[in-house]
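Hi,

Here is the structure I said I'd pass on.

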Amino acid sequence: MYKVALTGAGGNIGFRLARLLEKKYDVTCFAHNHIPAGLDAVSLDITDADAVHHAITRLRPYAVINTAALADANLCQRQPELADSVNVAGVINIAKACAAARCRLIHYSTDLVFDGRTGMYNEKSAPNPIGVYGATKSRSELVALGHNEATAILRTAIVYGAGSGKRPTFFEHVVRRARKGEASKVFINEYRSFLYMDDSATAAISLLKNFSPGIYHAGGNERLSRHVFVSRMFSFLGLDAKLAEPVKIADVDNQVYRPADCSLYSGKLKDATGWKPASISEGMRKFKIDMDL
């Protein structure tokens, strides 16, 4: 049984990934300031270089999967130094430790490394982030690849599903509001490749099984606006689709400027590993179960 280390196991994707990995791998989970109920995890601050080096070189896993990040785009914009310390310096620590332990690294990145001008980005598309979060994640890709040759970058699309319990995901939040008859403002001019959360996790596992260094995209099969997606979700869950109130990004105060279209083309990952994400309807069916609706 392969030994795998998972950093960021307390986050939304990390928690789901931990649950899937533990079925077939000898997994050691590391989390920072939130350990979900039922998760066996060791505390680790990835900004502590000595602690990261000790944890990984002592364990000497077959692979490290890094999902740890400061992913709140608004917080990153307000505190760029903090974002850089976690999303860049923290990844340097992990990559160096992986090199010392001679193990593979699968590093999670984001569709927000792109500027959103064209959409349907593939792995050869040039990153051009327009916010601090995207910029730090773009740099994290470079340092991960630069410090550990055996690195695969997994750029994941926006995910939906139940989170780890630290705080509600955007989709949990708007569904809970809709169940109370409350409307939520949802962008009509933001396009993404919405991906069910477990499918992001299985994308990483597919790379674990068929490892090859490089950059890979993992997105859902459809390019949709956030408003269309949420409206369809409400309808699927038996909620009033009109409670998804259409607005433009510029109409909402205190928002970091968002790229208009960060949809992803994921053919490379599918061809290389056989990964297959759920359809929107199948993902929503699973989300309905997640939400106990």
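Two strands count as paired if DSSP finds at least two bridges between them. Helices (H or I, at least four residues) and strands (E, at least two) are DSSP runs, numbered from the N terminus. Bear in mind that this is a predicted model, where local features need pLDDT of at least 70, side-chain atom pairs count only at pLDDT 80 or more, and totals for chains, interfaces and linings use all residues. Residues are numbered from 1 along each chain as its sequence is written, and side-chain values use heavy atoms, with hydrogens and water left out.

Now the sheet: it is open, with seven strands in the order β3-β2-β1-β4-β5-β6-β11 and parallel pairing. β3 (41–43) and β11 (214–218) sit at the edges with a single partner strand each, so one side of each has no neighbour in the sheet.

β4 (63–66) pairs with β1 over four parallel bridges, and Val64 is the bridge partner of Ala5. β4 also pairs with β5 over four parallel bridges, with Ala63 opposite Arg104. Both faces of β4 are covered: Ala63 and Ile65 on one side, Val64 and Asn66 on the other, are all buried (under 20% relative accessible area, 1.4 Å probe, protein chains only). In a regular strand the side chains alternate between the two faces of the sheet.

Further along, β5 (104–110) and β6 (151–156) share six parallel bridges, and Tyr108 stands opposite Leu154.

Cheers

Key: Contact means heavy atoms within 4.5 Å. Axes are lines fitted to C-alpha atoms, for helices over the stretch in contact, and angles run from 0 to 180 degrees between N-to-C directions. Buried means under 20% relative accessible area, exposed over 50%, partly exposed in between (1.4 Å probe, protein chains only).
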